[in-house]
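Hi everyone, thanks for coming.

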Amino acid sequence: MALEPATVPQPLFFLDTPAGPDAALALLHLLGTGAQVAGIGAAAPDPDRTAAHTLTDLAGMFGAIRVGVFPAEASPVSDLDPAASTIAHVTLPRSTARVLRTPAASALAQLARRHPGRIRVVALGSARNLLEALRLDRDLPRLLAGVTALTDEVTHDGWARVAVAGVRTTLLPRRLADGVRLSDAELAALAGRGGAHYLLAAMLAGAGEADGGSVPLAGALAATHAAGLTPHAGGVLRAVPADLRAQAVGALLEEGAVREALKVVA
């Protein structure tokens with residue numbers, strides 16, 4: 001009798017990020033490729049929860065109102081009604097969801113314990129939440145599937161500490177990622193999809209104007225790497241593979257275009 005092939009549990013993603021265009025790119029990539037987003041953590045520091053509220057509105061803009069958004073620190077400020085959220089001068093639609101009370105580090109540790117070997121972290125800011133989660137649960141290196149972290153001179157040392165602690169961590173230097181950009185034609189095609197994609201294109205255009213006129217794809221590249229079929233080997237990426245850009249742009253411009261390429265058997 002033939003044996004049934006073993007099923008591989010679908011990965012779950014935790015986005016740990018400041019609020020901004022990188023977060024929008026990463027979140028849209030994950031949602032557009034059918035990935036299961038287990039939670040979004042506001043990268044520390046965020047004492048007044050401005051970023052957490054903005055991330056809640058961003059998730060709602062993409063239709064992900066059931067995805068929990070966790071603050072960087074515990075604070076009763078989350079109960080207040082904040083001002084309208086903006087990213088790169090674009091005002092986001094107000095979400096009906098609320099920022100949750102559990103701090104991001106605690107939420108990540110709990111999710112990893114609940115889903116051992118399934119949580120992949122896409123990190124676009126500092127390592128403070130991950131380091132705190134490691135303090136809360138010493139088994140985290142064994143429980144996490146891996147981390148893809150977008151790093152720069154300020155955040156590199158923190159992510160190096162996460163890697164030294166035993167977490168499978170792949171570092172994507174921002175200086176490399178920011179060299180991979182959307183063309184004007186691709187940005188126009190994104191805007192042409194309308195709705196939330198139009199608002200994202202406006203954010204990216206605003207960010208591009210502040211950065212010399214072109215639009216980097218850093219957030220989408222980090223999410224694409226984290227969602228790849230190959231297991232996290234860790235280390236520092238020395239170049240951005242061409243297929244990584246192709247998958248990132250494909251997810252932005254053609255909904256579901258790379259879903260099969262990134263599918264993991266459920």
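I'll begin with the overall picture, then turn to a strand and an aromatic pair.

Please keep in mind that this is a predicted model. The chain holds twelve helices and eleven strands. Of its 266 residues, 52% count as buried. If you take contacts between residues at least 6 apart in sequence, 78% of them join residues at least 24 apart.

Now let's look at strand E1. Six of the six residues of E1 are buried, so the strand is largely enclosed by the rest of the structure. Leu12, Phe14 and Asp16 are buried on one side, while Phe13, Leu15 and Thr17 are buried on the other.

Who are its neighbours? E1 runs parallel to strand E2, residues 36-42, and six bridges join them. Within E2, Gly41 is the bridge partner of Asp16. To get from E1 to E2, the chain passes through helix H1, residues 21-32, in a right-handed β-α-β crossover. Strand E6, residues 119-123, also pairs with E1 in the parallel sense, over five bridges. There, Ala123 stands opposite Asp16.

Last, the rings. How many aromatic pairs are there? The count comes to one. The ring centres of Phe14 and Phe70 are 6.4 Å apart and their planes meet at 20 degrees, so this pair is stacked. Phe14 sits in E1 and Phe70 in strand E3, residues 69-70, so to speak distant parts of the chain, 56 residues apart. Both Phe14 and Phe70 are buried.

Terms used: Residues are numbered from 1 along each chain as its sequence is written. This is a predicted model: local features need pLDDT of at least 70, side-chain atom pairs count only at pLDDT 80 or more; totals for chains, interfaces and linings use all residues. Side-chain values use heavy atoms; hydrogens and water are left out. Rings of Phe, Tyr and Trp (its six-membered ring) pair if their centres lie within 6.5 Å; planes under 30 degrees apart count as stacked, over 60 as edge-to-face and the rest as tilted. Helices (H or I, at least four residues) and strands (E, at least two) are DSSP runs, numbered from the N terminus. Buried means under 20% relative accessible area, exposed over 50%, partly exposed in between (1.4 Å probe, protein chains only). Contact means heavy atoms within 4.5 Å. Two strands pair if DSSP finds at least two bridges between them. A crossover is right-handed if, with the strands pointing away from the viewer, the path from the first strand over the helix to the second runs clockwise.
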